Amino acid sequence: MKRFICTAVACLIVPMAALAQDMSVNPLSAILRGTFDRLSKNLVASAEAMPAQKYGYHPTPEQFTFGKTIEHVAE
């Protein structure tokens, strides 16, 4: 799980650095705002695409269920 989080963060940093060159006012805020908007849309789309009866799915017993993950991120 830690490896996944590190990979996800690394994948987000590289595009943010490229976008920062085009921003002139406050590049970090603009990049973070854009990233937040994109990720929010992806999260909502994945929550809507998953059938309600599968919200209890989790790959291993130690991991959150899909529903718990959505709830956790939403909070």
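How far does helix 2 reach from its first C-alpha to its last? Select helix 2 (residues 27-49) and check: its 23 residues reach 33 Å, close to the 33 Å expected at 1.5 Å a residue, where the expected span is 1.5 Å times one less than the number of residues.

Before moving on, some ground rules. This is a predicted model, in which local features need pLDDT of at least 70 and side-chain atom pairs count only at pLDDT 80 or more, while totals for chains, interfaces and linings use all residues. Residues are numbered from 1 along each chain as its sequence is written, and side-chain values use heavy atoms, with hydrogens and water left out.

Now zoom out and colour by pLDDT, the predictor's confidence in each residue, from 0 to 100. The protein averages 80, and 68% of the residues score at least 70. Where pLDDT is low, the predicted coordinates should not be read in detail.

With a cartoon on, you'll find three helices and zero strands, in the order α-α-α along the sequence. These are DSSP runs numbered from the N terminus (helices: H or I, at least four residues; strands: E, at least two).

Back to helix 2: select Ile-31, Thr-35 and Ala-47, the buried residues of this helix. Buried means under 20% relative accessible area, exposed over 50%, and partly exposed in between (1.4 Å probe, protein chains only). Of the 75 residues of the protein, 9% count as buried.

Next, pick Tyr-55 and Phe-66. What sort of aromatic pair do Tyr-55 and Phe-66 form? The pair is edge-to-face, at 5.1 Å centre to centre with 85 degrees between the planes. Rings of Phe, Tyr and Trp (its six-membered ring) pair if their centres lie within 6.5 Å; planes under 30 degrees apart are stacked, over 60 edge-to-face, the rest tilted. Tyr-55 sits in the loop between helix 2 and helix 3 and Phe-66 in helix 3, so the pair ties together parts 11 residues apart in sequence. Phe-66 is buried at 18%, while Tyr-55, at 26%, is partly exposed.

Glu-71 is partly exposed at 38% relative accessibility, and so is Lys-68 at 36%.
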